[in-house]
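Please read the points below with the model open beside you, and look up each residue as it is mentioned. They are meant as a colleague's notes for a first careful reading.

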Amino acid sequence: YQACDGTLGTPYILASWASIPCPQPLLHKEVSPDSLVCAGDVLTYRISWSNGGGVTITNLTITDTLPASVAYRAPSLDVWAMPDGLGTPALASAYAATTAGPWTAGEPADGTPGPLALRWTVNRVAPFGPSGGLAYQVRLAPGLSLGTTVYNVASATQSGDSAVYATETTMVFASAISLTKT
């Protein structure tokens, strides 16, 4: 049989309902508000992760690249993680201009414009069940025109395995309104 890491092992006869216990990262993303938004509005992105496999994931890396049409709002990062038998998993955050780095530890400064890569590393994700999540905010650029679509994609990888993705799309329904008294 082929093991989770791709190496070949001694074949075993498994029951038809049995499976080889491999880590299986799962990623979910949502945005609010998820309906009508205007240029200049604040969006809250929420990302959650879990492990659908039978063994613990170590060093799950979640990357989220913000588009040029938004600016990061700080401090807005909120993180939660479910305790496991070893305690509460640790999460480290970093950011960079691109996913190629160089990475700076922590949360970006308020108003940092996109494109901007955000990265979080969770030291372990226990198998089965809810594991953790995070939320952060961005502000849509004030000059976005009606019909502008903002795409946001997050990915999760574990130790060089192929990535899993979660996406959100937001459409701008109105430009920011400015009034001037004369």
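This is a predicted model: local features need pLDDT of at least 70, side-chain atom pairs count only at pLDDT 80 or more; totals for chains, interfaces and linings use all residues.

1. Side chains of opposite charge can pair when their charged atoms come close. How many salt bridges does a search of the whole structure find? The search finds two salt bridges, and each is taken up in its own point below.

2. Arg 124 lies in strand β8 (residues 116-125), while Asp 84 is in the loop between β5 (70-81) and β6 (91-96), so the pair ties together parts that are 40 residues apart in sequence. Are these two residues buried or partly exposed? Arg 124 is buried, with a relative accessible area of 11%, whereas Asp 84, at 22% relative accessibility, counts as partly exposed; the boundary that matters here is that buried means under 20%.

3. The largest nonpolar core has 30 residues, and those with the most contacts inside it are Ile 62 and Tyr 136. At least two residues of this core come from each of β1, β3 (42-51), β4, β5, β8, β9 (130-140), β10 (149-158) and β11 (164-174). The largest share, five residues, is supplied by β8.

4. A pair of aromatic rings is described by the distance of the centres and the angle of the planes. Three aromatic pairs are found in a search of the whole structure. One of them joins Tyr 45 and Tyr 136, whose ring centres are 5.6 Å apart and whose planes are at 35°, so the pair is tilted. Tyr 45 lies in strand β3 and Tyr 136 in strand β9, so this pair ties together parts that are 91 residues apart in sequence. Tyr 45 is buried, with a relative accessible area of 1%, and Tyr 136 counts as buried at 0% relative accessibility.

5. Tyr 136 also forms an aromatic pair with Tyr 72, and this pair is stacked, with 5.9 Å centre to centre and 20° between the planes. Here too distant parts of the chain are linked, with Tyr 72 in strand β5 and Tyr 136 in strand β9, 64 residues apart. Ring pairs link Tyr 45, Tyr 72, Trp 120 and Tyr 136 into a cluster.

6. Charged ends and rings also meet in this model: the charged end of Lys 29 sits over the ring of Tyr 45, 4.7 Å from the ring's centre. Arg 119, in turn, lies over the face of Trp 103, at 4.1 Å from the ring centre.

7. Finally, please look at Thr 63, which has its place in strand β4 and counts as buried at 16% relative accessibility. Which residues does Thr 63 touch, not counting residues up to four places away in sequence? Thr 63 touches Thr 99, Leu 118, Arg 119, Val 153, Ala 154 and Ser 155.

Definitions and conventions
Residues are numbered from 1 along each chain as its sequence is written. Side-chain values use heavy atoms; hydrogens and water are left out. A salt bridge is a side-chain nitrogen of Lys or Arg within 4 Å of a carboxyl oxygen of Asp or Glu. Helices (H or I, at least four residues) and strands (E, at least two) are DSSP runs, numbered from the N terminus. Buried means under 20% relative accessible area, exposed over 50%, partly exposed in between (1.4 Å probe, protein chains only). A nonpolar core is a set of buried Ala, Val, Leu, Ile, Met, Phe, Trp, Tyr and Cys residues joined through side-chain atoms within 4.5 Å. Contact means heavy atoms within 4.5 Å. Rings of Phe, Tyr and Trp (its six-membered ring) pair if their centres lie within 6.5 Å; planes under 30 degrees apart count as stacked, over 60 as edge-to-face and the rest as tilted. A charge sits over a ring if NZ of Lys or CZ of Arg is within 6 Å of the ring centre and within 35 degrees of the ring normal.
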